Structures are given as structure tokens and as C-alpha cells.
Amino acid sequence: MLSNYLEKIDPTTTHSARRKALVRRFVAEKLRSDGVFLLRLVASNGGDMVACELVATLWADFVAESARRADAERPLLKGPVEEEDDF
């Protein structure tokens with residue numbers, strides 16, 4: 001169910017191994033089992049369009065948060081740093 005929505009929102013999710021791993025993290029970290037259950041309720045009561053919009057918003061937030069986290073973990077300096085003696 002969720003993969004169908006994500007494929008409509010972002011077609012690259014099904015073609016890239018990195019994106020598939022990101023989708024697994026999205027389900028495991030962001031939605032968890034309660035979120036998936038609620039999305040099923042929304043889809044059955046509100047329709048696929050409402051559920052797809054909800055997944056699109058949650059996915060965009062998750063991707064942006066993941067990008068910020070990756071930028072924060074990136075070292076500020078690249079390569080070895082040579083120290084100068086002050087003598």
C-alpha cells in the first residue's frame with residue numbers, strides 16, 4: 001500500500017537501492033506500525049487521494065530531515081589537517 005503511494009509521489013523510489021533503503025527507514029523510524037495503521041484507516045475512510053497527500057507531506061519532511069542530518073554529520077574540513085608550530 002505505502003509503496004504504491006510513494007511510487008506515485010516519487011517514481012525514483014522504486015529504481016534506486018539507496019531510495020529503497022530510505023523508504024525502509026521512513027517506515028521504520030517515521031511511521032512505525034501505528035503510522036501505517038493510521039494511513040490504512042485514512043485510506044479506507046478518506047480515500048486514496050487524502051492518504052496520498054498525507055504520505056507526500058510526511059515523505060517530504062522525512063527526506064528534508066534526512067538531508068539535514070546528513071549535512072550535519074559531514075565533516076567541516078576535508079582531508080588531513082596539518083598543524084603549525086607556534087615556535
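User: How many salt bridges does a search of the whole structure find?

Analyst: Side chains of opposite charge can pair when their charged atoms come close. In this predicted model, the search of the whole structure gives three salt bridges.

User: Which residue forms a salt bridge with Arg25, and how far apart are the closest N and O atoms?

Analyst: The partner of Arg25 is Glu29, with 3.3 Å between the closest N and O atoms. A salt bridge needs a side-chain nitrogen of Lys or Arg within 4 Å of a carboxyl oxygen of Asp or Glu, so the pair of Arg25 and Glu29 at 3.3 Å counts.

User: Where do Arg25 and Glu29 lie relative to one another in helix H2?

Analyst: Arg25 and Glu29 are four residues apart in helix H2, a separation of about one helical turn. Arg25 is partly exposed, at 29% relative accessible area. Glu29 is also partly exposed, with a relative accessibility of 42%.

User: Which residues of the chain form the salt bridge with closest N and O atoms 3.9 Å apart?

Analyst: That salt bridge joins Arg69 to Glu29. This pair links distant parts of the chain, since Arg69 sits in helix H3 (residues 48-73) and Glu29 in helix H2, 40 residues apart. Arg69 is partly exposed, with 32% relative accessibility.

User: What is the N to O distance in the salt bridge of Glu65 and Arg69?

Analyst: The side chains of Glu65 and Arg69 meet at 3.0 Å, N to O. Glu65 and Arg69 are four residues apart in helix H3, which puts about one helical turn between them. Glu65 has a relative accessible area of 31% and is partly exposed.

User: Which residues are linked in a network of salt bridges?

Analyst: The network links Arg25, Glu29, Glu65 and Arg69. Glu29 pairs in turn with Arg69, and Arg69 with Glu65.

User: Which residues form a nonpolar patch on the surface?

Analyst: The patch consists of Phe37, Leu38 and Leu41, which together have about 290 Å² of accessible area. To be part of a patch, a residue needs over 30% relative accessible area. Leu41, in helix H2 (residues 17-46), is partly exposed at 35%, so Leu41 passes that cut-off.

Note on methods. Residues numbered from 1 in each chain as written. Predicted model: local features only at pLDDT ≥ 70, side-chain atom pairs only at ≥ 80, totals over all residues. Heavy atoms only, no water. Patch = residues over 30% accessible without salt bridge, like charges linked within 9 Å, V, L, I, M, F, W, Y side chains within 5 Å. Areas by Shrake-Rupley, 256 points an atom, 1.4 Å probe, with all protein chains shown as cover. Helix = DSSP H or I, 4+ residues; strand = E, 2+ residues; numbered from the N terminus. Buried < 20%, exposed > 50% of the residue type's maximum accessible area, 1.4 Å probe, protein only.
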